Amino acid sequence: MAATFKEFARNELISVLPSQVCCVKAFLSAVAKASGTIEGTGRKQTLCLALDCEQAAQKTADLLRTLYPAEFCVSEHRMKIAGAERRAYKATVPHGFTSHALQDFELMRTNGEGLLDFVRGTPQQLLRKECCMRAYFKGLFLACGSVYAPDTVGEEKKQGYHFELKIADEEFASSVMELLSDLRINTRMSERNGYKLLYVKDKDEIVRILCTLELSDAATRMQSIIDERETANLLNRTVICETANMDKIFAASSRQMIAIARLKDRGEYEKLPSALKETADARARYSEASMQELADILGVTKSCLHHRLAKLENLADALE
């Protein structure tokens, strides 16, 4: 089965993950914030990053290895991701490095009493540079993002153009909204099943989002879909207009033919002036001709023809 647009974009994202240490931390911070959990108790606590794509989880584990000298395993589970139960792949940080990771990713920080507190919102220290902001956005998209285009299959077919991030925490959603605004991306917020949705439906804005995520192939494909659909819509509108015009021509012609037939039935046809009789004969012979075509056949102006045909209809109406 062909990949959906969402899968196409995600697969490309996996190929353009960050490599600089500052951006790697920002990316992993976003993944951990959006889809991470802390499992275990006491000193045996581990940080688990859950993703719905095995390749994405493996790539995430590879990035973790660049920061910490440990073995990071990826395991398959059934669990809830963004509110829906599905197959998930967890990249697990060993308990010996979990505390470091939580602080490196600004998920927790030491308070005045020397204890660790959870950090609300986005990690301000990690997002001081635009490259890190983009890397953070990539992590969010991989962990809780979706993008749809109307050329795809299955459930996406009815979605139209749509981009969204599905976030559980309202305060975090608001801070992400501010971050995206700094990246010149304007989102709206709504709520579904207890989650906050940051979404964009404007097709041109979605192309800009894909470019911000450095998904050049996805952006090109999206623009191609937009161009093809706009061309198809233009053709459809043209056909509709032409059909409507033809309907008007047939309706007017039928009305005029009925008037001519009535004049003949009542014996009034032969009494018509030569100009009106010539016009009636031409209309009877060229019943599908437009007003302009019939005017050209008779060698008169369109206005003159309109006047003559209206005169024939009025004469027929007067016979009733």
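These legends accompany several views of one predicted model. In this predicted model, local features need pLDDT of at least 70 and side-chain atom pairs count only at pLDDT 80 or more, while totals for chains, interfaces and linings use all residues. Residues are numbered from 1 along each chain as its sequence is written, and side-chain values use heavy atoms, with hydrogens and water left out.

View 1. Helices (H or I, at least four residues) and strands (E, at least two) are DSSP runs, numbered from the N terminus. Of the 320 residues, 42% count as buried, where buried means under 20% relative accessible area, exposed over 50% and partly exposed in between, with a 1.4 Å probe and protein chains only.

**View 2. Helix α10, residues 291-298, has the buried residues M291, L294, A295 and L298.** Seen down the axis of α10, these buried residues fall within an arc of 100°, so they line one face of the helix; the arc is that of the directions from the helix axis to the C-beta atoms. Their cover includes α9 (274-285) and α11 (302-317), judged by contact, which means heavy atoms within 4.5 Å. After α10 comes G299, whose phi is positive, near 75°.

**View 3. The sulfur of C22 has its closest cysteine sulfur in C132.** The two sulfurs are 3.5 Å apart, too far for a bond, since a disulfide is a pair of cysteine sulfur atoms within 2.5 Å. A search of the whole structure finds zero disulfides. C22 counts as partly exposed because its relative accessibility is 23%.
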